[in-house]
Amino acid sequence: MSGPEPLPYVRPATGGRHEAPAEVSHDQFVQNKVRAAGRRGTQDVGLLLLRGGVGVLLVAHGLQKAFGVWGGQGLAGFRNSLSDLGYQHADILTYVAAGAQMVAGLLLVLGLMTPIAGASALAYLINSLLGGIAAQHGVGYAAFVQPGSNELQVLMIVAVVAIILVGPGRYGFDAGRGWARRPFIGSFAALLLGIGAGIAAWVLLNGHNPLG
């Protein structure tokens with residue numbers, strides 16, 4: 001009873017041969033995907049330039065509206081322009097629009113909360129485009145191509161949409177997030193949110209047909 005426990009029985013190999021240990025197989029497809037994920041070339045640098053350029057422009061235009069710097073109209077002039085375009089509650093909307101523009105631009109520069117920042121910027125830019133078309137007194141679709149038209153707003157909208165769909169890139173505070181590395185459903189949700197918010201703000205606070 002007090003003796004050592006017997007060792008487990010090991011069945012000897014038949015025919016004097018020992019079975020080789022099984023090798024752990026590596027999935028070459030997975031390895032290729034991992035290596036490809038690290039080879040983005042200049043994509044992240046391009047996204048940084050795109051994100052930073054759009055963000056700086058948004059912040060600069062927000063500062064013009066809020067403080068009148070660089071020849072801007074200031075809060076009073078911005079409020080009057082909103083009233084002239086037919087916006088309701090222009091007093092409150094002045095602060096909301098200028099503040100949202102600066103905050104969204106700063107977040108885009110930092111690459112922080114990029115989908116939310118992009119959706120906010122997109123909503124503002126949609127209203128800016130509709131307001132610019134409406135200010136030209138019903139010129140219709142010619143407002144997109146005639147001299148002195150709205151190419152800047154259109155280019156800014158396209159750039160923000162691209163940022164939302166592609167993601168912030170590696171050089172930003174969002175770089176470590178999964179949705180930033182492979183944007184998909186969240187990007188489409190942010191895109192729809194920005195478009196919906198921009199159209200809803202125009203319809204609810206203005207209601208004028210800019211193309212009419």
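Residues are numbered from 1 along each chain as its sequence is written, and side-chain values use heavy atoms, with hydrogens and water left out. Because the model is predicted, local features need pLDDT of at least 70 and side-chain atom pairs count only at pLDDT 80 or more, while totals for chains, interfaces and linings use all residues.

## Overall fold

The protein chain has eight helices and zero strands. Its elements run α-α-α-α-α-α-α-α from the N terminus. Helices here are DSSP runs of H or I with at least four residues, strands are runs of E with at least two, and both are numbered from the N terminus.

The chain holds 212 residues, and 33% of them are buried. Buried means under 20% relative accessible area, exposed means over 50%, and partly exposed lies in between (1.4 Å probe, protein chains only). The chain exposes about 13,400 Å², with 66% of that supplied by carbon and sulfur atoms. Areas come from the Shrake-Rupley method with a 1.4 Å probe; for residues, only the protein chains shown count as cover.

Contact means heavy atoms within 4.5 Å. Among contacts between residues at least 6 apart in sequence, 66% join residues at least 24 apart.

## Nonpolar core

In soluble globular proteins, nonpolar side chains tend to be buried together. The largest nonpolar core in this model has 30 residues. Such a core is a set of buried Ala, Val, Leu, Ile, Met, Phe, Trp, Tyr and Cys residues joined through side-chain atoms within 4.5 Å. Val54, Leu58, Leu108, Leu122, Leu125 and Val160 have the most contacts inside this core. Helix 2, helix 3, helix 4, helix 5, helix 6 and helix 8 each supply at least two of its residues. Helix 5 gives the largest share, ten residues.

Val54 touches Leu108, Met156, Ala159, Val160 and Ile163, not counting residues up to four places away in sequence.

## Largest pocket

The largest pocket holds about 770 Å³ of space. A pocket is an open set of points on a 1 Å grid over the protein atoms alone, where a 1.4 Å probe fits, with protein on both sides within 12 Å along at least five of seven lines; lining residues have an atom within 4 Å of a point. Grid points are joined across faces, edges and corners, and the volume is the space filled by probe spheres set on the points.

The lining has 34 residues, and Phe78, Ala97, Tyr124, Asn127 and Ser128 lie nearest the pocket centre. Helix 5 gives the most to this lining, with eight residues. The lining divides into 18 nonpolar, 15 polar and one charged. Ala, Val, Leu, Ile, Met, Phe, Trp, Tyr, Cys and Pro count as nonpolar, Asp, Glu, Lys and Arg as charged, and the others, Gly among them, as polar.

## Single residues

| Residue | Relative accessible area | Class |
|---|---|---|
| Gln153 | 18% | buried |
| Met113 | 43% | partly exposed |
| Asp91 | 51% | exposed |
| His89 | 56% | exposed |

Gln153 sits in helix 6. Leaving aside neighbours within four places in sequence, Gln153 contacts Ser128 and Leu129.

Asp91 belongs to helix 4. Asp91 and Leu75 are 16 residues apart in sequence and 9.2 Å apart in space, C-alpha to C-alpha.

Most residues other than glycine have a negative phi. His89 has a positive phi, near 55 degrees, and lies in the loop between helix 3 and helix 4. Met113 also has a positive phi, near 50 degrees. Met113 is in the loop between helix 4 and helix 5.
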